[in-house]
Amino acid sequence: MSGEGRGSPFAPHTADERAAMLAAVGADSEEALFDIPEPVRYDGSFGIEARSERATRQHVTSLLERNDELTEFLGRGHYDHYTPAAVESLSARSEFLTSYTQYQPEVAQGFLQALFEYQSMLVELTGLPVANCSMYDAATGLGEAATLASRVRSTSGHVVLVPELLAEGRRAVLENYVAGTELSVESYPADDGVADLRALERRMDGDVVMVYAENPTVRGAIEESLEELGQLASAHDALFCLGSDVVSLALLQEPASVGADVVVGSAGSLGLPTSYGMGMGLFACREQFLRQVPGRLVGAGEDDSGRRTYTLTLQTREQHIRRERATSNICTNQAWVALRTAMAVASLGPDGLVEIAEDCVTGARDLASALDDVDGVTAPVHDRHHVREFAARVDRPAEDVVADLESEGFAVHAIEENLVQVCTTETNADQRDALVAAFEEVMG
């Protein structure tokens with residue numbers, strides 16, 4: 001269909017239908033439904049001078065050269081690890097890069113097998129028997145865990161408890177997920193960078209549907225009370241959800257062994273460059289929640305000749321079949337980024353993955369020790385073991401310290417008035433001494 005009055009395949013409403021809808025909502029035009037500031041409204045011209053391709057390249061290059069070259073020691077949920085060249089090369093093959101959701105198993109066996117391997121890697125790392133492929137990011141994984149908890153919990157309850165120390169964006173996404181439901185979000189206090197177990201125990205009652213904890217925490221501290229947290233949740237018939245990431249899971253306590261019902265977090269720290277936006281979330285859970293898992297699942301079976309085959313399974317959970325009764329509204333295809341993570345983990349192997357995780361502990365420890373020797377700096381603030389990152393106290397305003405470090409070519413987080421946070425991985429290891437020297441310069 002085309003032409004005024006008949007609509008289009010993408011917006012098939014007639015002029016009369018559009019007029020009726022506008023009248024029902026009291027708007028004079030479709031444009032009136034959108035509040036677009038005048039300075040950014042399109043007036044028919046972009047006002048951009050026409051240039052040749054060569055001139056455009058030169059202009060863009062000159063603009064990019066004005067960017068400051070900063071060595072990033074940033075973390076708080078976004079972690080930079082080396083991506084093997086094989087991942088960049090193989091994942092760019094057309095059969096992977098141009099593929100959408102693998103709904104046709106007869107033409108996507110290779111991709112489906114790779115995704116099955118990705119799920120298997122998460123199962124091995126978490127100890128839980130079911131993993132999907134995959135979530136948008138760690139924050140949406142947490143939101144999906146909360147709504148899953150409300151669906152599967154047999155008794156009444158509506159409160160989701162999260163740590164007081166939680167990335168702002170992660171909590172905001174969770175609150176968006178539960179908006180419109182009976183769920184509400186509350187926080188429990190921290191004690192020296194980890195969960196305050198006694199305060200949480202005082203808060204627990206029959207209203208709590210899920211308890212969420214992180215290991216490591218948003219400040220990089222290793223949570224030492226995971227078993228107690230799991231037991232506390234179980235005693236009150238609440239789900240225990242644990243947040244982590246692919247690298248940390250290679251070294252820290254296996255979530256299944258401490259009573260975790262669901263594991264969420266970041267899987268994109270391996271295989272994806274740091275973008276401080278796009279990511280990929282992991283989601284794993286107990287088998288009893290199999291039919292409630294959000295996103296897509298790849299299963300293994302056999303064809304009519306007995307050969308092992310792979311297919312997307314239990315699709316009756318998804319919105320393209322169940323519509324409003326689906327377990328989740330996640331729809332964007334995350335298969336390609338999951339593929340990259342699977343490639344990265346496979347290229348490292350178990351020993352390589354553990355080696356990176358161990359360096360994240362020793363590197364953070366050694367850098368914190370070196371910064372602690374700088375006058376005006378106390379590091380780490382929390383008397384804990386850390387993974388990748390740690391908080392440091394400075395005797396100047398943190399924002400000023402961050403700005404001065406930026407002028408020295410380094411980027412760190414300011415998290416409180418006198419607290420900064422520093423994150424180190426193998427990709428900035430060669431700049432750790434230079435960062436310490438920069439701290440000495442700006443704190444002197």
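View 1. At 10% relative accessibility, R296 counts as buried. This close-up comes from a predicted model. The partner of R296 here is E318, and the two make a salt bridge whose closest N and O atoms sit 3.3 Å apart. Look for R296 in the loop between β10 (281-285) and β11 (298-302), and for E318 in the loop between β12 (308-312) and α11 (319-322); the pair therefore ties together parts that are 22 residues apart in sequence. E318 is buried as well, with 5% relative accessibility.

**View 2. R203 and E186, a helix-to-strand link.** R203 and E186 form a salt bridge, with 2.9 Å between the closest N and O atoms. R203 belongs to helix α8 (residues 197-203) and E186 to strand β4 (residues 184-188), so this pair ties together parts that are 17 residues apart in sequence. R203 is partly exposed, with a relative accessible area of 22%, and E186 counts as partly exposed too, at 30%. Salt bridges with shared partners bring D205 into the picture, joining it with E186 and R203 in one network.

**View 3. E88 meets R340.** Of the salt bridges in the whole structure, 22 in number, one joins the side chains of E88 and R340 at 3.2 Å, N to O. E88 lies in helix α3 (residues 85-91) and R340 in helix α12 (residues 335-372), so the contact ties together parts that are 252 residues apart in sequence. On the E88 side, the relative accessible area is 40%, which is partly exposed. R340, on the other hand, is buried, at 4% relative accessibility.

**View 4. An open sheet of four strands.** Follow the strands in the order β13-β14-β17-β16 and you have the whole open sheet, with antiparallel pairing. β13 (377-378) and β16 (413-416) are the edge strands; each has a single partner strand, so one side of each is left without a neighbour in the sheet.

View 5. Helix α13 (residues 398-407) lies across β14 (389-394), β16 and β17, and it runs at about 175 degrees to β16. Helix α14 (residues 432-443) also packs on the sheet, where it touches β13, β14 and β17. The direction of α14 makes about 165 degrees with that of β17.

Note on methods
Residues are numbered from 1 along each chain as its sequence is written. This is a predicted model: local features need pLDDT of at least 70, side-chain atom pairs count only at pLDDT 80 or more; totals for chains, interfaces and linings use all residues. Side-chain values use heavy atoms; hydrogens and water are left out. Two strands pair if DSSP finds at least two bridges between them. Helices (H or I, at least four residues) and strands (E, at least two) are DSSP runs, numbered from the N terminus. Contact means heavy atoms within 4.5 Å. Axes are lines fitted to C-alpha atoms, for helices over the stretch in contact, and angles run from 0 to 180 degrees between N-to-C directions. A salt bridge is a side-chain nitrogen of Lys or Arg within 4 Å of a carboxyl oxygen of Asp or Glu. Buried means under 20% relative accessible area, exposed over 50%, partly exposed in between (1.4 Å probe, protein chains only).
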